[in-house]
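Hello,

Here is the structure I promised to pass on to you. Please open it alongside this email, and my notes follow just below.

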Amino acid sequence: MAEPRHAAYKAFKFIGRHRRAVEHRRFVLGQGHYAADVVPAGLLHVAIVASPYASARIVSIDSSAALALPGVHAVLTGDELTPEIEPMLPGVDAPQVARYPLATGVVRYAGEWVVAVVAETRALAEDASELVIVDYEPLPHIVDPESAIESDAPLVHPSHGSNVIWHRKFTWGPVDAHFADAAHSLSYRVRWARSSTVPIETFVATCLWNDATQILDVWASIQMPKYPDLLAKCLRLPGNGVRVHFDVDVGGSYGVKRGLKHTILVGFLARKLGRPVRFLEDRLENMRGGDMQGPDRIFDVTFAFDDDGTIRSMRMRALDDIGAYSGRSPLQLGKPVGAIVGPYRIASVEYDAISVMTNKTPQEAVRGFGQAPTNYAIESGIDKVARFLGMDRIALRRRNMIGHDEFPYLIPSGTLYDSGDFDAVMTKALDAAPYDTIVRERDAMRARGLLAGIGISTCLEPSGGNSAFEPLFNPKNKTTTWMDSCLIRIDLSGAVTAMMGTSTSGQAHETLVSTVVGEILEREPDSIRVLHADSLNALPSNSPVGSRMAIMLGGAAAGAAKILREKLIEIAAHNLKTTVEALVYESGDVFLCNDPSRRMGWDALVEIAHRHYHHMPEGMEPGLQEKFCWEVPTGGGLPTEDGRIQMYPCHSFESHVTLASIDPETGKTTLHRYVVGHDCGVMISPDVVHGMTYGGVAHGLGAALMEKFAFSDEGQLLSGTFMDYLIPSSEEVPSVTIVDHCTPSPLTVFGQKGSGEAGYLGSPAAIASAINDALAPAGASIDFLPMTPQAVWRALQKPIAPKVRS
């Protein structure tokens, strides 16, 4: 693989170069350190008794037989737990939607935790859980989100007074006028099915309470902002009474490893029993009651456009089924505010966002935080407009794309796009396909009797996650900073160590930090050690969410390294009897720019800082240790009254091109060619970026073709195992060609943007585009995901046309 060729990389020594990820060594050697590998002496295990009903009153619980079983230490119910803890926060202003680890009084979804059994082994805890007798009285339930918003619907939380937990209609710009002036409007509905990431590792939490220190030690497979703070609050402990160990590896997350309720339960039990306690989900517990399911969203969209394809305005209604409880799930309707028009020059938008509760498993923050469904909805409309006008889909996109010379570009919702060259990226992807060739291949397959189509998507990846959606969705929440930080020290030997305050779940943060620090200090990155602090030793962090760590952790590491570099130059200036401005820093040595023979080496400068205070500049602290805490670029503001806000600072872009065929007899889809044009600014670690992009495409393929958490009318999860919830394998995932482009961000240290959600944000839209292109000659289309073989067969039996006004 060639090194990146963009001119921006010429300024760097290590950034953008191909390098084996630091983390790979321990994984290849089988020496990864996961939460389940932590086994304190005397460890006890938890098993869960879950509700079989979508909605029911808990009449009684008889745990006597379970408690009588040798080796069982406790049976905990919601009635015992709830008075001792604080509820988990709902994310929006809905204080009556109280959420606890164990149900109290009523259950609100099938799979909700009712009783926790603690025993010497997991197997024994499971055996004992089967002896717990719970008597239920079934109650009315609701599983359809559209029915749930009706006035006569059963209420999931009667004290809240409605199943709608959040609703706001935003109007940005003269929508009505633009619709009145447009030659045409086209309305359509698409649905994104509830799916997730199902990482190899389910959630695990191990807690140890130390009565002498009054500290709760926590090892968990976590990816969650403010996790230690929220855990301490819910357990009624001071913040310094919880120590989360971030040095455990996380076996995949992609957003879903929140696990707050798991850890509250385990932390409470560890403190109560005076023994370390672990809860390790099995796969059914994870999928049914682990709060790891993603968006379940219905879009009603109308585009207003002219005869030449110019799109003037858009109305979008998004109804999101969050399930029975609210965490941060309503906020997944917020991230799309920052890219509500995608890469297009759409002048006005009406966005009607509704978050509704049903008697289903609660949603959580799945990769992309709601942006992938919105991208699918917008891209579906672009293809429909092109089809209505008889216009080439690529030409329509080019007509409406924001030009490279228009940045920074202000979209109607108040966000400035920082930089980009969308047309160039799409062109690169088309050339790499190459497009003319796959058109011929598509037509040849059609001639052989196959249904074949080409898919196109052009989508944004907002990155650098800030806090803007919090005050936007809850005016009582005035959070305006989502900082991140890094601490770096240079020891007496000259070795460099960096420390970060978060866990990592496959994003190669150790590689990121060592590359950045190596770039600034001009020291070999492989010589730099990067550590994960625990929460009592850590600097502030808001965790790896929102494609933010290259921007935020990378920026913080660069900031701390720059302070150290400047300190070394000051020490040299003092000893060389000159000014800082007269010196050059190169590979750790400092010398006079007009006399390179007058220099001080890295080792000599380090020794002065650590041992020779008499050679230090007056007033300078001895030693070499610095921290830097960085605020999100463009962050710090509150929304305007009409909801305009700078949602994310940076905007990566991706364009997908795929060739697919469908067997008309079986409905099976095969992807023959897949290309992604990708621009995330300067790539700090290209191999890491490419790996995340490839994985994102596979993730999106699952959402497009296979994955769905299906529920019966009775609220029972019908896809709680991998027999029913299908995920793509190497058989289904095609070879993916990734074509890089670079438009550096003017807001970040090196021009980098985020890429953790790359691939996933555009692949479902592209694959759906290909399938509908394949179905078009038959007069058919599918407007929901996943597009399974059964869905293809049904679509061929009953073609449906979009609603158009001219």
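This is a predicted model: local features need pLDDT of at least 70, side-chain atom pairs count only at pLDDT 80 or more; totals for chains, interfaces and linings use all residues.

Four strands form an open sheet with mixed pairing, in the order S21-S20-S19-S25. Its edges are S21 (529-532) and S25 (625-630), each of which pairs on one side only. On average, neighbouring strands here are turned by 20° against each other, direction ignored. Inside the sheet, S19 (residues 484-490) and S20 (residues 496-500) run antiparallel and are joined by 5 bridges.

Next comes helix H20 (residues 789-797), where Ala791, Val792 and Ala795 are buried. These residues lie on the same side of H20, because they cover an arc of only 100° around the axis. Their cover includes strand S26 (650-662) and helix H19 (763-775).

The loop between H19 and H20 holds Pro786, which a cis peptide bond joins to Leu785, with omega about -5°. Another cis peptide bond links Ala433 and Pro434, with omega about -20°; Pro434 sits in the loop between H12 (422-432) and H13 (435-447).

Finally, two non-glycine residues with positive phi. Asp291 has phi near 55° and lies in the loop between helix H9 (283-289) and strand S13 (297-305). Asp291 counts as buried, because its relative accessibility is 6%, and the cut-off is under 20%. Ser587 also has phi near 55°, in the loop between strands S22 (583-586) and S23 (589-592). With a relative accessible area of 27%, Ser587 is partly exposed.

Best wishes

Notes:
Residues are numbered from 1 along each chain as its sequence is written. Side-chain values use heavy atoms; hydrogens and water are left out. Two strands pair if DSSP finds at least two bridges between them. Axes are lines fitted to C-alpha atoms, for helices over the stretch in contact, and angles run from 0 to 180 degrees between N-to-C directions. Buried means under 20% relative accessible area, exposed over 50%, partly exposed in between (1.4 Å probe, protein chains only). The arc is that of the directions from the helix axis to the C-beta atoms. Contact means heavy atoms within 4.5 Å.
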